[in-house]
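The stops below are given in the order in which to select them.

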Amino acid sequence: MIGLYQPGDSPLHRLPAGVKLLGLVLGIVAMTVFVRDLPGVAAVVLAVAGLFALARISWRVALAQLRPVLWMTVIIGVFQLLTTSPTRAVVVCAVLLVSVALAALVTVTTRVTDLLDALIRALRPLRRIGVDPERTALLLALAIRCVPLLAQIVHEVAEARRARGVGWSATALLTPVLVRALRTADAMGEALAARGVDD
């Protein structure tokens, strides 16, 4: 369910992929620059909730997009609480979650092929300086896909540790996460090489 295209005929589904990608980038930049307090957080949360409603995405699908990054958000929130202030912790965590929600909204309302085509068109002028648009678009698509994948690995490792009754330890959490992430990356690399993507 995470990041998978949900067919529909809403206005957001009909928007061109390039417009949605540009809106995603501008939205995240605007939030990072202008959201500094709790009213700003409330405004962006309501705006993104409205976009999900406009796209006719069910609340179960919407929440499923955020579930994998909750553990990461908790860790970041605790760090922010220890180093800054409660308000700053809420703002940072909210901007992170809303950014993930916006990216998820783009992926659930846009076919992957349309996203890749839009990225390739946007990067085509850079071919003159040696940039391979097709390879770069694939790299970005993999990066977008790996964010929820990595978050899911963190969640599964934390659940396994809790099921075994193991106490909190950053090392005990990060070591198996790192091992699983490296194994996943290795398997992904082998799959890409088998399909002729590697040089």
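The tour takes in a helix and then a single residue. This is a predicted model, in which local features need pLDDT of at least 70 and side-chain atom pairs count only at pLDDT 80 or more, while totals for chains, interfaces and linings use all residues. Residues are numbered from 1 along each chain as its sequence is written, and side-chain values use heavy atoms, with hydrogens and water left out.

Select residues 38–54, which form helix 3; helices are DSSP runs of H or I, at least four residues, numbered from the N terminus. Helix 3 has 17 residues and spans 24 Å from first C-alpha to last, close to the 24 Å expected at 1.5 Å a residue (the expected span is 1.5 Å times one less than the number of residues).

Next, show the side chains of helix 3. Gly40, Val41, Val44, Val48 and Phe52 are buried, whereas Pro39, Leu46 and Ala53, on the other side, are exposed (buried is under 20% relative accessible area, exposed over 50%, with a 1.4 Å probe and protein chains only).

Now go to the ends. At the start of helix 3, a side-chain oxygen of aspartate 37 comes within 3.0 Å of the backbone nitrogen of glycine 40. Just after the helix, arginine 56 has a positive phi of about 60°.

Finally, select threonine 73 in helix 5 (residues 70–83). What is threonine 73 in contact with, leaving aside its neighbours within four places in sequence? Cys93, Leu96 and Leu97 are its contacts there (heavy atoms within 4.5 Å). Threonine 73 counts as buried, at 7% relative accessibility.

Conventions: Helices (H or I, at least four residues) and strands (E, at least two) are DSSP runs, numbered from the N terminus. A polar contact is a pair of N or O atoms within 3.5 Å; within protein, one must be able to donate a hydrogen and the other to accept it, and residues adjacent in sequence count only if both atoms are side-chain atoms.
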